[in-house]
Amino acid sequence: MFYSLGKYILLLRLSFRKPEKFSVYWAEVMREMVSIGVGSLGIIAIISVFIGAATTIQVAFQLSSPLVSMSIAGKIARDSTILEFSPTISALVLAGRVGSSIASQIGTMRVTEQIDALEIMGVNAPGYLISPKIIASMTMIPLLVIISITLGITGGYIACLVSGDITPDDYLIGVRDGFDGLTIQVALVKAVVFGFIIASICAYQGFYTSGGALEVGQSSTRGVVYSCVMILFADLVITRIML
Amino acid sequence: MIEIKDIHKTFGENKVLKGISANFIAGKNNLIIGGSGSGKTTLLKCIVGLHEPTKGSVFFSGENFTEMNFEQRVPIRTHIGMLFQNSALFDSMTVEENIMFPLNLFTKQTAAEKLDRANFCLERVNLAGKNKLYPAELSGGMKKRVGIARAISMQPKYLFVDEPNSGLDPKTSILIDDLINELTEEYNMTTVIVTHDMNSVMGIGEHIIFLHNGEKWWEGSNKEIAHTDNKELNDFVFASKFMQAAKAKL
């Protein structure tokens with residue numbers, strides 16, 4: 001375990017060495033941003049709306065007491081969405097979508113000697129392949145989380161309109177009530193950290209792939225599993241520190 | 001010229017290379033031949049720095065490449081071109097982008113100059129007009145030729161070629177061999193080719209090193225190889241019925 005941790009840290013150090021040509025790396029960062037950000041928009045939109053809606057209905061169900069104002073459901077749904085569902089569930093989904101793609105892409109490049117070709121040319125392969133992905137991931141995942149929060153709260157509103165468990169007015173009152181900006185800060189810090197975890201762990205797994213197609217698949221699976229575990233661990237640590 | 005001195009390479013308990021020394025001559029095709037598992041590709045990877053030798057040194061024009069760190073190696077690496085066994089073209093890039101990739105990173109040429117160079121290299125390997133194709137759209141022989149075009153795009157002093165004929169039909173193999181031979185003469189490159197293809201050995205083997213069990217077993221030219229009394233080399237060279245028939249006619 002310590003050997004792998006050391007190798008991971010050394011790889012990260014190599015990844016952030018001075019680039020051979022900034023413009024080429026910048027183009028890579030832009031390409032990765034489109035792939036990670038725009039490419040993940042659809043799945044993030046779908047899960048956010050449904051999770052927001054389901055959360056609102058469940059909270060309303062649990063608060064079905066004449067002694068509790070139904071606007072509380074809106075407030076709980078909002079804070080749950082901002083603090084937990086949008087950053088963490090999105091990150092877990094992105095670990096599957098983005099992480100597996102990063103690990104399999106780099107792993108395939110390794111087993112087909114494309115990484116060797118880069119090294120022969122004098123290119124810092126970890127820098128060229130990994131740093132743009134980490135930068136893009138740490139930039140785009142917070143943006144996706146902001147979109148996810150918006151759509152999650154919207155999903156809750158749609159659930160109110162459709163189910164009638166809470167009136168839309170009660171929901172909106174709850175959503176506006178006692179809003180604390182710290183929750184958004186926590187969500188964004190989580191998103192940045194999760195972005196780093198997904199890109200770096202999956203890139204590490206891909207970069208040290210050896211063998212063939214089977215091993216590329218195994219690296220990809222390992223990358224996603226380790227990323228998910230580390231996301232949940234980081235989620236706990238950040239929540240404990242910031243709240 | 002490239003000089004290797006006492007190269008050893010060990011993977012765990014497995015001693016793959018056991019003290020190989022040789023000179024690779026500038027302007028000539030230097031072939032490393034040997035049976036499967038003899039250490040040919042490992043030796044090639046030690047020379048280009050993809051593997052670090054367990055012991056020994058590699059000198060490029062007198063400079064000790066083995067002792068250099070990553071940054072110190074970059075100026076030498078920009079003079080190295082390499083054709084990999086499976087071509088190792090970048091899947092996500094077109095043919096043109098593959099060839100222009102090293103130019104983008106290591107030269108200050110304008111976009112038009114880089115495009116001119118890419119077109120020239122493609123013409124040189126008889127693939128003019130294939131600029132916008134992706135590697136997945138190319139045949140095995142075309143991939144090899146694009147690999148060669150990418151390798152020569154920086155006008156290298158040293159060309160390394162790993163199994164240039166693997167997976168190719170005999171006619172395409174001869175075409176690739178002839179191309180490598182022409183380019184070696186044209187650019188006065190030190191070309192090192194790893195192969196076990198006897199057509200290549202007899203056709204372009206100006207300087208041949210035969211490896212056996214991780215050791216240098218024989219060194220000479222294609223003119224000398226048919227008359228050697230080295231048993232292991234004879235077993236390797238004349239293993240096929242075609243070569244046995246050719247020997248009988250000599």
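In the predicted model, 16 residues of chain B are in contact with 13 residues of chain A, contact meaning that the C-beta atoms of two residues, placed from the backbone, lie within 7 Å. Helix H2 (70-77), strand S6 (80-83) and helix H3 (95-106) of chain B each give two or more residues to the side that touches chain A. H3(B) gives the most, with 4 residues. Helices (H or I, at least four residues) and strands (E, at least two) are DSSP runs, numbered from the N terminus. By type, this side of chain B divides into 11 nonpolar, 3 polar and 2 charged residues. Ala, Val, Leu, Ile, Met, Phe, Trp, Tyr, Cys and Pro count as nonpolar, Asp, Glu, Lys and Arg as charged, and the others, Gly among them, as polar.

Residues are numbered from 1 along each chain as its sequence is written, and chains are lettered from A and ligands numbered from 1 in the order in which they are written. As the model is predicted, local features need pLDDT of at least 70, and side-chain atom pairs count only at pLDDT 80 or more, while totals for chains, interfaces and linings use all residues.

Within chain B, B:Val161 lies in strand S7 (residues 158-162). B:Val161 is buried because 29 C-beta neighbours lie inside 10 Å; the cut-off is 20 or more other C-beta atoms within 10 Å, with 12 or fewer for exposed and partly exposed in between, C-beta atoms being placed from the backbone. Beyond its neighbours within four places in sequence, B:Val161 is in contact with B:Leu83, B:Ile180, B:Thr191, B:Ile193 and B:Val194.
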